[in-house]
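Please open the structure in your viewer and keep the selection tool at hand.

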Amino acid sequence: MEKLGFGRPGRSSHNKVFYAKNSPSNAIALTNCLAFNPQDFKDNEYVICDGRYVFSTKTSTDVLPGTFGASGNQRFWAGWSVDQAVNVEHFDLFKNTGKKAYLGTMNLEISFRNRQRANSTEFDQDELARAFVDRFESQVFQPTQIILFEFKGVIFELVIKSIQVVDLGVVDIADLPSSTSIAKKGILVSQTRLNFFKGPDGMVNLKASSTRPNADAIIRPDFKFEDMGIGGLDKEFTSIFRRAFASRIFPPGLIEKLGIQHVKGLLLYGPPGTGKTLIARKIGTMLNAKEPKIVNGPEILSKYVGSSEENIRNLFKDAETEYKAKGDASSLHIIIFDELDSIFKQRGSRGDGTGVADNVVNQLLSKMDGVDQLNNILVIGMTNRRDLIDEALLRPGRFEVQVEIHLPDEPGRKQIFEIKTKKMRENGSLGRDVNIAELAAMSKNFSGAEIEGLIKSASSFALNQHIKVGTVGDIAGDLANMVVSRSDFIHALEEVKPAFGVHEEDLQECTKGGVLKYSSAIDDILNRGTRAIKQARESDRFNFSSILMHGPPGSGKTALAAAIGLASEFPFIRLISPDAMVGMSEAAKVQFIDNTFRDAYKSPLNVLVVDDIEGLIDYVPIGPRFASTVLRALMVRLKKSPPEGHRLIVISTTSSYTVLRQLDMLGCFNDEIGVPNLGSLDEFARVLEATRFSDAAGRKQVLQSLASVVSEVNVPIKKTLFNIDTARFGENPVQDLVELMVESTTPLRR
């Protein structure tokens, strides 16, 4: 690389204190060099100031020995005041980096130095790059550096957003592989690729190039994905960038050849707490665009006639004005709607008679894809209820990119835990016994917001250990070395429960005491349930199945259904029973059923136990026999498959099989499983042994006495267990149990 003429050895010199002054002339200020007296340094040497900022030198007799001249931009970047003492020494970049560090690529943000002298001239990026290299070749540059640059009589302010530093050796940059090292500083050479991007004000008009990135590229040149602080959404972000932003990253000439329009609408939907609002907020920090306009849905509506529609028009006003003036060269304008469903519901669904809400929907439709089309807008909407939004807004040309932000899976939860506990780890406040992977596995169906709440709860348990017993405000213990331990997280998991998770309390109540395998029929039922669960998890053809378990009252249908659901270990298991709907109107019951099924669509693997169907529809043998609205809602849901990427198995129970046949409900189920009563003395013997009733002699006496009266039994297992428990409290448990079983069965006497 000696042929490039760089790598001049600097003189060995000890660190010396110099005092900052103004640059002696505008000519020197525009060279991006620091001015020194000839007694201190020579021309074109490298110096490092305060061990961080590297500049080239220019000599001037107007600068006193022991001082140096710096422009206002240089002082602002380095944080120096006039007459401030600065440590200055010679700098050898090659010696300090251990390699030859040259700039392969440099991304610069360009703005007018004086906005009042801004003009509409279109500046060619290739010409800018050649002039920049001619002016500053061989200087050292680094990110965040501010540079004054004069071009064709106009003074620009450039900010270095990012650089790529390479070890050239004797190879040209054009021959370098794409994988190159990234460093903090580098030397500008003639082969360096310069990419210009518009500054925040977007006032510099850069000519589109077919070889360079778009000057209005949506992604900021210094953006790093890890800076967003959002975990568990890698797949979703890939989809968002590919569909909504890709066309804005590539050179405009290429997009024009393809003849495609930029995406104008992005809809994020999913359960509460999954990060929709956080994503929209972070997108504003990564975009090289106008400051996003963030609107909470209800803020648009106004009580004055025409005011709501005007509020919508005002959101697009700035974009329209700039697009008329600059066309496709205008900057991107972002509008973010939170709670989109609150104002853009289906037209005609409100029934308020005013028509204001419908007019607001019509206004947004016309602005996003009306007669006067804008190509410089991106509208981002967020909602928990996509089904409530007017269908016209969801077609291509409006919110055509729709991304579901679902509950994070286990790797996603691990990412979120790592992000949310980053400060704890860095500050040594996270206990060594805390295993992030273990926490991720234990927090099934937690949303990102709920994981954050879990960490706060764990922290509160750790803080509580330093409060004196019997007091509220007195603090004790070694606060400096306080850590959040694994036990704190375990306590927090008992306290914080996910909104869309397993309702273990309800299901375990159904299986209190466990499932007694007193008959081969019970094993067969459990095996069929296990097979159905495996099919729901792994089938390539079906993502939905519905099973009906029918049998006499008390035969154990609910317990078996709950046991099968819990054994699946699916992240979402929910019970729908008449108990939860007591006192509800028909409309409220329909809404409850609808919401429960919708919740089941939000997790990848789901089990719903629909218990006592005849109770859910209020079936009675006389009078108004059932609630037809509830019946119809339930039948629709029992036939409807979940969205793609989600799997659901519904296990229903009934004690009135003939009623379901009369109501034509049997067609809603893929499989039917009969659950019989306890039907033989051998089965009863197994129940006695499992419940440890009396001793072996007592159990034998019960069976012999019962066999002398009946040849077989026909008693529901629930009633059998109750009889056994009742007999324990009698004076003669053996005889009492025999009498209770005889009374409960329909015996076949000898």
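At what angle do the axes of helix H24 and helix H25 cross? Select residues 717-727 for H24 and residues 733-744 for H25: their axes come within 8 Å and cross at roughly 150°. Axes are lines fitted to C-alpha atoms, for helices over the stretch in contact, and angles run from 0 to 180 degrees between N-to-C directions. H24 is therefore roughly antiparallel to H25 (a term for angles over 145 degrees). Helices (H or I, at least four residues) and strands (E, at least two) are DSSP runs, numbered from the N terminus.

The model is predicted: local features need pLDDT of at least 70 and side-chain atom pairs count only at pLDDT 80 or more, while totals for chains, interfaces and linings use all residues. Residues are numbered from 1 along each chain as its sequence is written, and side-chain values use heavy atoms, with hydrogens and water left out.

Next, display the side chains between these helices.

Now move to the open sheet of five strands, ordered S21-S22-S23-S20-S24 with parallel pairing. Two strands pair if DSSP finds at least two bridges between them. Select 572-576 and 671-674 to see the edge strands, S21 and S24, each of which pairs on one side only.

Then select residues 544-550, strand S20, which pairs with S24 in the parallel sense over four bridges. Met549 has Ile673 in S24 as its bridge partner.

Finally, select helix H16, residues 520-538, which packs on the sheet and touches S20, S22, S23 and S24.

Note on methods
Contact means heavy atoms within 4.5 Å. Angles under 35 degrees count as roughly parallel, over 145 as roughly antiparallel, 65 to 115 as roughly perpendicular and the rest as oblique.
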